Amino acid sequence: MKIRVFDSARSAGLYAASLMEAVILREDNPVLGLATGGTVLPCYQAFRGLVWCGLDLSRTTTINLDEYIGLDAQHPQSYHYFMEHNLFAGLPSRPRAVHIPDGTAGDLERECARYDDLIHRNPIDFQLLGIGTNGHIGFNEPSHSLLSRTHVVSLTEETIASNARFFERVEDVPRRALTMGVQSILQARQIVLMAFGRAKADVVARAVQGEVRTDLPATMLQLHRDVTFILDVDSASALPREVWGGHAVLSDASDGPEPGPLLSRS
Ligand code: GLP
């Protein structure tokens with residue numbers, strides 16, 4: 001597991017976007033597993049900049065982790081809407097296919113099977129993740145057991161409360177979602193988890209160093225051979241410094257309004 005700690009969410013977002021770019025440049029038919037949530041926004045903002053600078057998405061397929069049940073693509077809090085408005089809107093180049101689970105499907109079991117088949121036919125090269133304060137990845141909530149494949153999940157009270165900030169009232173937060181399963185996430189060739197802020201510090205420390213447990217799904221990432229945690233100083237604050245592997249806090253040295261060069265791309 002690699003840990004990279006940045007002095008700002010913007011620097012961290014640039015780094016994550018540059019990893020996505022590297023996959024797109026390397027693969028003939030790149031498949032990106034994408035996430036939603038406030039944490040990935042700096043990554044998507046930087047990634048949009050790369051596309052505006054000429055990065056070609058026309059060979060790329062994207063597969064999102066999850067979607068609320070009952071929200072259609074036009075609903076401002078649906079993950080369909082999130083992806084369109086925060087990543088794809090207005091870009092000069094679009095992925096050849098964008099996949100997000102359909103939370104309005106009449107037959108949800110069938111929709112889960114369709115999604116698993118899609119993942120099977122398009123093995124994920126790069127999986128981007130956020131993390132819930134309770135340690136969920138995608139919408140794989142803490143439980144006495146975890147499901148490997150795409151499934152319907154009942155959201156925990158903690159997740160509902162935490163995601164209520166995006167809705168007018170807590171009662172408006174859907175109680176159920178469709179999510180990719182843990183095995184599908186772990187089958188991605190490369191995984192990058194982003195987390196910012198002090199509220200995520202404890203869960204990040206447990207995900208990196210704690211026992212591997214189903215009641216903290218992010219600990220499953222310890223079983224994968226190519227995982228990078230991209231953190232800011234606050235979300236890394238509960239990790240002992242030696243766990244960073246002696247790395248300094250990384251910065252894009254941005255005093256001015258323009259992003260400076262970040263890191264060597266080699
Ligand atoms: C939602 C998503 C998760 C995401 C989490 C974190 O619950 N289903 O995939 O990791 O939010 O959200 P945020 O980045 O806003 O803290």
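The model is predicted. Strand E10 (residues 227-232) has 6 of its 6 residues buried, so the strand is largely enclosed by the rest of the structure.

- Strand E1 (residues 2-6) pairs with E10 in the parallel sense over 5 bridges, and Phe6 has Asp232 as its bridge partner in E10.
- Strand E9 (residues 190-195) likewise pairs with E10 in the parallel sense, over 5 bridges, with Val227 of E10 as the bridge partner of Ile191.
- A right-handed β-α-β unit is made by E9, helix H7 (residues 201-209) and E10.

**Aromatic pairs**

- Phe6 and Tyr15 form a tilted aromatic pair, with 5.2 Å centre to centre and 40° between the planes; Phe6 is buried at a relative accessible area of 0%, and Tyr15 counts as buried at 13% relative accessibility.
- Tyr79 and Phe139 form a stacked pair, with 6.0 Å centre to centre and 20° between the planes.
- This second pair links distant parts of the chain, since Tyr79 lies in helix H3 (residues 79-88) and Phe139 in the loop between strand E6 (126-129) and strand E7 (151-154), 60 residues apart.
- Tyr79 counts as buried at 10% relative accessibility, as does Phe139 at 2%.
- Tyr68, Tyr79, Phe139 and Phe167 form one aromatic cluster.

Conventions. Residues are numbered from 1 along each chain as its sequence is written. This is a predicted model: local features need pLDDT of at least 70, side-chain atom pairs count only at pLDDT 80 or more; totals for chains, interfaces and linings use all residues. Side-chain values use heavy atoms; hydrogens and water are left out. Buried means under 20% relative accessible area, exposed over 50%, partly exposed in between (1.4 Å probe, protein chains only). Helices (H or I, at least four residues) and strands (E, at least two) are DSSP runs, numbered from the N terminus. Two strands pair if DSSP finds at least two bridges between them. A crossover is right-handed if, with the strands pointing away from the viewer, the path from the first strand over the helix to the second runs clockwise. Rings of Phe, Tyr and Trp (its six-membered ring) pair if their centres lie within 6.5 Å; planes under 30 degrees apart count as stacked, over 60 as edge-to-face and the rest as tilted.
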